[in-house]
Amino acid sequence: MATINASFNTASGGSIDKYKVTLYNSAGTSVLTTRVFTPSFPGTITASFSGLTSGVTYKVGLTSYIGTIYKDCPLQSIVALGGGSSDVFIFN
């Protein structure tokens with residue numbers, strides 16, 4: 001089994017009230033799981049996804065929210081590594 005750690009810097013002094021990190025299948029069409037983060041935010045957030053199949057490519061997405069307004073960042077592809085963690089820095 002493998003783990004993916006998706007990390008990103010949070011906005012300082014902004015009005016963001018929620019971040020959502022989503023793990024998708026390799027095509028980016030099916031949501032596998034989601035992690036939601038609400039204030040107070042550390043400088044860097046890491047969303048860990050474990051129990052993944054080694055050698056499989058997954059996509060990770062980030063959505064930031066200010067109330068009902070949201071922004072999706074482009075999906076990032078990452079291959080899950082067997083016996084360890086794969087890290088991806090998805091948003092700055």
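**Thr-10 and Pro-42**

I started at Thr-10: a polar atom of its side chain lies 2.8 Å from the backbone oxygen of Pro-42. I looked up the term: a polar contact is a pair of N or O atoms within 3.5 Å, where within protein one must be able to donate a hydrogen and the other to accept it, and residues adjacent in sequence count only if both atoms are side-chain atoms.

I noted that this is a predicted model, where local features need pLDDT of at least 70, side-chain atom pairs count only at pLDDT 80 or more, and totals for chains, interfaces and linings use all residues. Residues are numbered from 1 along each chain as its sequence is written, and side-chain values use heavy atoms, with hydrogens and water left out.

Where does Thr-10 lie? I found it in the loop between S1 and S2. Helices (H or I, at least four residues) and strands (E, at least two) are DSSP runs, numbered from the N terminus. Thr-10 counts as buried, at 16% relative accessibility. Buried means under 20% relative accessible area, exposed over 50%, and partly exposed in between (1.4 Å probe, protein chains only).

Next I listed what Thr-10 touches, leaving aside neighbours within four places in sequence: Tyr-19, Phe-41, Pro-42, Gly-43 and Ile-45. Contact here means heavy atoms within 4.5 Å. I also checked Asp-72, which is 62 residues from Thr-10 in sequence and 14 Å away in space, C-alpha to C-alpha.

**Aromatic rings**

How many aromatic pairs does the structure hold? I got three. Rings of Phe, Tyr and Trp (its six-membered ring) pair if their centres lie within 6.5 Å; planes under 30 degrees apart count as stacked, over 60 as edge-to-face and the rest as tilted.

Phe-8 and Tyr-19 make a tilted pair, because their ring centres are 5.0 Å apart and their planes sit at 55°. Phe-8 is in strand S1 (residues 2-9) and Tyr-19 in strand S2 (residues 18-24), so the pair ties together parts 11 residues apart in sequence. Phe-8 is buried, with a relative accessible area of 0%, and Tyr-19 counts as buried at 0% too.

Tyr-19 also pairs with Phe-41: the centres are 4.8 Å apart and the planes at 70°, so I wrote down edge-to-face. This pair links distant parts of the chain, 22 residues apart, since Phe-41 is in the loop between strand S3 (31-37) and strand S4 (44-52) while Tyr-19 is in strand S2. Is Phe-41 buried or partly exposed? It counts as partly exposed, at 22% relative accessibility. Phe-8, Tyr-19 and Phe-41 form one aromatic cluster.

**Thr-22**

I then moved to Thr-22, which is in strand S2 and counts as buried at 4% relative accessibility. Not counting residues up to four places away in sequence, Thr-22 touches a list of residues including Val-31, Phe-49 and Lys-59.

**Whole chain**

I zoomed out last. The protein chain has zero helices and eight strands. Its radius of gyration is 13 Å, close to the 12 Å that the globule rule gives for 92 residues, so the chain is as compact as a globular protein of that length. That radius is taken over C-alpha atoms, and the rule is 2.2 Å times the number of residues to the power 0.38. The C-alpha atoms fill a box of roughly 40 × 25 × 20 Å, taken along the principal axes. Of the 92 residues, 34% count as buried.
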